[in-house]
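Dear colleague,

I am handing over the structure below, and after it I set out what was found there. Please read the notes with the model open beside you.

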Amino acid sequence: MRVLLIGANGYIGRFVADRLLADPAVQLTALGRGDDADVRFDLATGSPGALTRFLDAVHPGVVVNCAGATRGGARDLTRHNTVAVATVCEALRRSGCGARLVQTGCGSEYGPSQPGSSTAEDAVPRPGGPYGVSKLAATELVLGSGLDAVVLRVFSPAGPGTPAGSPLGRLAEAMRRAMQAGDGELKLAGLGVQRDFVDVRDVARAVHAASLSAAQGVINIGSGRAVRLRDAATVLARVAGYGGALNELDAPPGPHRAQLGHPRGDLDHAVPVAYPYPDGCGSWQQADVRTARDRLGWRPRINLEESLADIWMEAACRI
């Protein structure tokens with residue numbers, strides 16, 4: 001099976017590439033903007049016709065799209081998350097390769113959930129920010145394309161390579177700084193927020209399974225368990241050997257809002273944000289992952305403590 005992987009250099013894409021390369025039945029071709037891609041192509045600016053010609057030449061059986069942007073203004077997010085996917089869908093429709101499309105979506109497409117609930121795939125999406133809106137628009141493009149396609153809605157990925165700007169990445173960096181400075185107290189914002197963390201290596205397993213399956217539509221990929229950020233910080237402190245106190249930092253007054261996991265010193269650089277939570281998901285999010293189990297035969301294997309240990313190992317190397 002020849003697989004075309006788009007976004008192989010991204011956070012999720014790197015692990016998807018490793019997973020696919022480990023399958024001897026897969027012939028992998030990487031397409032992206034970086035110099036180390038097999039083929040350089042920018043989805044946000046490239047034409048569907050150019051991508052169609054490449055698809056007809058390579059003739060993949062599966063196209064996996066892990067490309068996209070998580071930060072930036074609405075215009076950039078729309079270009080990289082929505083327009084790019086429109087290019088992929090149009091190219092696949094024009095091509096004669098008949099490839100299956102596996103699109104990586106995100107839990108932010110759903111928006112805020114009722115505390116204590118599990119969000120299933122039939123929930124009405126109400127994204128609470130421009131990132132979720134751009135990803136939901138991409139999902140709708142895929143579902144309406146008429147292609148053999150599946151969208152994996154990945155909740156909060158964690159583990160090695162976690163971006164420094166994510167809540168867990170900020171926690172690890174704040175703890176590293178506190179330990180380096182000998183601080184006996186660490187004040188963090190947003191510790192009451194609860195998210196469904198899933199290890200990025202388990203996400204890669206789900207993408208691999210979706211590539212081999214006939215499942216279509218939307219499938220949630222998460223742990224099925226919401227974890228309070230305070231509890232994640234406690235586990236991270238134990239893994240790191242940090243014995244100081246972890247305290248909640250009150251949100252600043254006015255339009256400035258401390259983002260999830262930001263340490264006290266970062267408030268000096270706070271900027272106005274349009275939504276109370278950076279990911280637009282409110283105080284609670286938990287995935288219903290029964291569809292992934294039933295249709296992909298997939299279950300998460302790596303627990304949050306192992307994911308946090310890997311996040312800390314990378315942060316500790318910066319000491």
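Predicted model: local features only at pLDDT ≥ 70, side-chain atom pairs only at ≥ 80, totals over all residues.

Residues are numbered from 1 along each chain as its sequence is written, and side-chain values use heavy atoms, with hydrogens and water left out.

S108 counts as buried because its relative accessibility is 7% (buried means under 20% relative accessible area, exposed over 50%, partly exposed in between, with a 1.4 Å probe and protein chains only). The side chain of S108 reaches the backbone oxygen of D279 at 3.3 Å. If neighbours within four places in sequence are left aside, S108 is in contact with P127, Y131, G132, D279, C281 and Q285, contact meaning heavy atoms within 4.5 Å.

Turning to the helices, α2 (residues 48-58) and α3 (residues 74-94) pack at an angle of about 50 degrees with their axes 8 Å apart, the axes being lines fitted to C-alpha atoms, for helices over the stretch in contact, and angles running from 0 to 180 degrees between N-to-C directions. The two helices α2 and α3 are therefore oblique to each other (under 35 degrees counts as roughly parallel, over 145 as roughly antiparallel, 65 to 115 as roughly perpendicular and the rest as oblique). On the α2 side P48, G49, L51, T52 and L55 take part, and they meet T87, V88, E90, A91, L92 and R94 in α3.

The buried residues of α2 are G49, L51, T52, F54, L55 and V58, and these buried residues pack against β1 (2-6), β2 (27-32), β3 (39-40), β4 (62-65) and α3. After α2 comes H59, whose phi is positive, near 55 degrees.

A second pair is formed by α1 (residues 11-21) and α6 (residues 200-212), whose axes come within 8 Å and cross at roughly 60 degrees, so that α1 and α6 are likewise oblique to each other. Their contact is made by Y11, I12, F15, V16, R19 and L20 of α1, together with V200, R201, V203, A204, R205, V207 and H208 of α6.

Methods:
Polar contact = N/O pair within 3.5 Å; in protein donor to acceptor, adjacent residues only side chain to side chain. Helix = DSSP H or I, 4+ residues; strand = E, 2+ residues; numbered from the N terminus.
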